[in-house]
Amino acid sequence: WAFDFKIRLENGARALIDLYRRLLRDGGGRGSDVATLRHQVADRYLDVPLSFYRERTTGTLLAHADNDVMVAAEVINPLPFSTGLMLLIVFSLVALFAIDPLLTLVGLVLFPAMFALNRFYTRRVELPAQTVQERVGDVSAITHESFEGAVVVKTLGRQDAEVTRLG
């Protein structure tokens, strides 16, 4: 019994060390991925014709260059964790079934229920998240215009109109 416990403890320690290594490796690589994506977006902005810039506000362009790159990088983040989680679930179910089949059935009922709850929450959050993204672009555009046009607004005496627009 003690020998079995020692083997399980060693395997658990190895798994934790491997997990820690993966976290360091994957977390460290993310920064360079984001930088590469950001450079690609900037290069693409340099290649588009001037009419593209006339049709969009500067704040919208900045919001896309920053937030869209972050969202694109975040899509890949869950992949290593999801793969590890799937393996953990399979091996846990096998071990749990060997220990107690009834408890295994309870677990098999809970997993789909948690999945359904997660899907429900995701659907509820998508629209507000999209609205927030649009508002960030609007605020970025207005802020950029404010910085650029502060002298013009003061010269023309339009302070009150601009304060009303921002308020």
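Okay, let's start with Tyr53, which is partly exposed at a relative accessible area of 28%; the cut-offs are under 20% for buried, over 50% for exposed and partly exposed in between, with a 1.4 Å probe and protein chains only. Before I go on: this is a predicted model, so local features need pLDDT of at least 70, side-chain atom pairs count only at pLDDT 80 or more, and totals for chains, interfaces and linings use all residues. Residues are numbered from 1 along each chain as its sequence is written, and side-chain values use heavy atoms, with hydrogens and water left out.

Back to the rings. Searching the whole structure turns up three aromatic pairs; Phe, Tyr and Trp rings (the six-membered one for Trp) pair if their centres lie within 6.5 Å, and planes under 30 degrees apart are stacked, over 60 edge-to-face, the rest tilted. One of them is Tyr45 with Phe52, tilted, at 6.1 Å centre to centre and 40 degrees between the planes. Tyr45 also pairs with Tyr53, edge-to-face this time, at 6.5 Å and 70 degrees. Put together, Tyr45, Phe52 and Tyr53 make one aromatic cluster.

Now, what does Tyr45 have to do with Ala65? They sit 20 residues apart in sequence and 9.0 Å apart in space, C-alpha to C-alpha. Skipping neighbours within four places in sequence, Ala65 is in contact with Arg38, Val41 and Tyr45, contact being heavy atoms within 4.5 Å. Ala65 is in helix H3, residues 58-76, and is buried, with a relative accessible area of 19%.

Zooming out, the chain has six helices and zero strands, taken as DSSP runs (H or I, at least four residues, for helices; E, at least two, for strands) numbered from the N terminus. Of its 167 residues, 9% count as buried. Among contacts with a separation of 6 or more, 63% join residues 24 or more positions apart.

Last stop, the second largest pocket, about 250 Å³. A pocket here is an open set of points on a 1 Å grid where a 1.4 Å probe fits, with protein on both sides within 12 Å along at least five of seven lines; lining residues have an atom within 4 Å of a point. The volume is the space filled by probe spheres set on the points. H4 (78-99) and H5 (101-156) each supply at least two lining residues, and H5 gives the largest share, five. The lining includes Leu85, Met86, Phe111 and Asn118. By class, that lining is eight nonpolar, one polar and no charged.

How values were computed. Nonpolar A, V, L, I, M, F, W, Y, C, P; charged D, E, K, R; others polar.
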